[in-house]
Amino acid sequence: MTGRRALVITSPGSIGLQDVPEMVPGPGEVVARPVHTGICGTDLELLAGVVDPAYVRYPLVPGHEWSGVIEAVGPGVAGLEPGQPVIAEGIIPDRVCAECVQGHTNLCVVYDELGFTRAGAAADQVLLPAQVVHVLGGSVSLLEAALAEPAAVAWRAIGRGRPRPGERVAVVGDGTLALLTAHLVRLYSPAELVVCGQRPAQAALAASLGATVFTVDPAPPGGPGGSSPLASTERFDLVIEAAGTAGAVERALGLARRGGRVVLVGLAGNDVTAAFRIDDAVNNDLLISASFAYTSAAFAEVTGLLSTGQIRPAPLITHRFPLEDYAEAYHVLRSGSGPRGKVMLEVSEP
């Protein structure tokens, strides 16, 4: 294949590499060369065609998690230049609506997102508004930086939970988002950081990213995965649900102590409902909140954490495939066994 490549989902169930025209930045725009592009469960849903049509425009180029290097800048762009290592917000806010003016860019009234409504970074080039581009500093690797987007989702959720040093914190889930949440929440010096997962094979990954305990619920007594299910007497000051299932939400609410806080960040699907005892939530004086995506401020803060080395999420990357091996990468993400963190597509050389 020659020319510029892009991985294109032409319609639900149909995906392949295509030759595409070279991109040229217009006023206020930047063209970057992706180096690493992550794929996640949402990309599987885009391929399957189960994402709400209001948020998708086919044909589409996936890739909302990525890092790369600026190739060209358009007229009127200041502070950015070819050769700089960069990451970028996937959500493209209009910056003028009431939500954006208040800093709630994740709630922008105009929905536009990389890999959903505009071409993403599973390609040799990606075109972006300069306003969402963040320059990396320090010695952070582009490989680690490709985790910035899900890390920003986790960071915003953590902020909603208002963690304080010395608290007992539980994260429900053992996928990329949950493990990144554990890695980030350790910055608040919790007295204990427990990851409550479903796959025993994820125990070592959780430990490498900062978890003090990994428990499988349910788990066979003495079986793999670190420990048996948490006792009913064990309760936490802060619980962050990052699995996106009804059971995970119910588990999270049950893990919070009286007066504790619960943050829901996992997406389960529009028709999924969770059941919980209302009186328990009231009698336990729980503060329950939810967090959608990330704001521009949260993304900028994660860029800083990466650039200064305060977070080092590289252990989470367990699988890497050349862009042309996308089919195998999607297969591993869908049905791979053993420890699995982030699956990464290698698009170009650093």
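At roughly what angle do the axes of helix H1 (residues 41-48) and helix H10 (residues 326-335) cross, and within what distance do they come?

Reply: This is a predicted model. The axes of H1 (residues 41-48) and H10 (residues 326-335) cross at roughly 110 degrees and come within 10 Å. Because angles of 65 to 115 degrees count as roughly perpendicular, H1 is described as roughly perpendicular to H10.

H1 contributes Gly-41, Asp-43, Leu-44 and Leu-47 to the contact, and H10 contributes Tyr-330, Leu-333 and Arg-334. Sorted by class, the contact of H1 with H10 has 4 nonpolar, 1 polar and 2 charged residues.

Leu-333 sits in helix H10 and has a relative accessible area of 10%, so Leu-333 is buried, the limit being under 20%. Between Leu-333 and Leu-44 there are 8.2 Å from C-alpha to C-alpha, although the two are 289 residues apart in sequence. Setting aside residues up to four places away in sequence, Leu-333 touches Ile-39, Cys-40, Gly-41 and Leu-44, and also Arg-340 and Val-343.

In soluble globular proteins, nonpolar side chains tend to be buried together. In this model the largest nonpolar core has 53 residues, and those with the most contacts inside it are Trp-155, Leu-179, Leu-184, Val-195, Val-265, Tyr-294 and Val-302. Helix H4 (residues 148-160) gives the most to this core, with 8 residues. Apart from it lies another core, of 25 residues, and Leu-47, Leu-60, Phe-321 and Ala-329 are among its members. Leu-47 is also one of the H1 residues that make the contact with H10.

For comparison, here is a residue from elsewhere in the chain. Gln-84 lies in the loop between strand E4 (65-73) and strand E5 (85-88). Gln-84 is buried, with a relative accessible area of 17%. A polar atom of the Gln-84 side chain lies 2.8 Å from the backbone nitrogen of Glu-81. Beyond residues up to four places away in sequence, Gln-84 touches Gly-68, Val-69, Ile-70, Gly-79 and Val-135.

Note on methods. Residues numbered from 1 in each chain as written. Predicted model: local features only at pLDDT ≥ 70, side-chain atom pairs only at ≥ 80, totals over all residues. Heavy atoms only, no water. Helix = DSSP H or I, 4+ residues; strand = E, 2+ residues; numbered from the N terminus. Buried < 20%, exposed > 50% of the residue type's maximum accessible area, 1.4 Å probe, protein only. Polar contact = N/O pair within 3.5 Å; in protein donor to acceptor, adjacent residues only side chain to side chain. Contact = heavy atoms within 4.5 Å. Core = buried A, V, L, I, M, F, W, Y, C linked by side-chain atoms within 4.5 Å. Axes fitted to C-alpha atoms, helices over the stretch in contact; angles between N-to-C directions. Parallel < 35°, antiparallel > 145°, perpendicular 65-115°, else oblique. Nonpolar A, V, L, I, M, F, W, Y, C, P; charged D, E, K, R; others polar.
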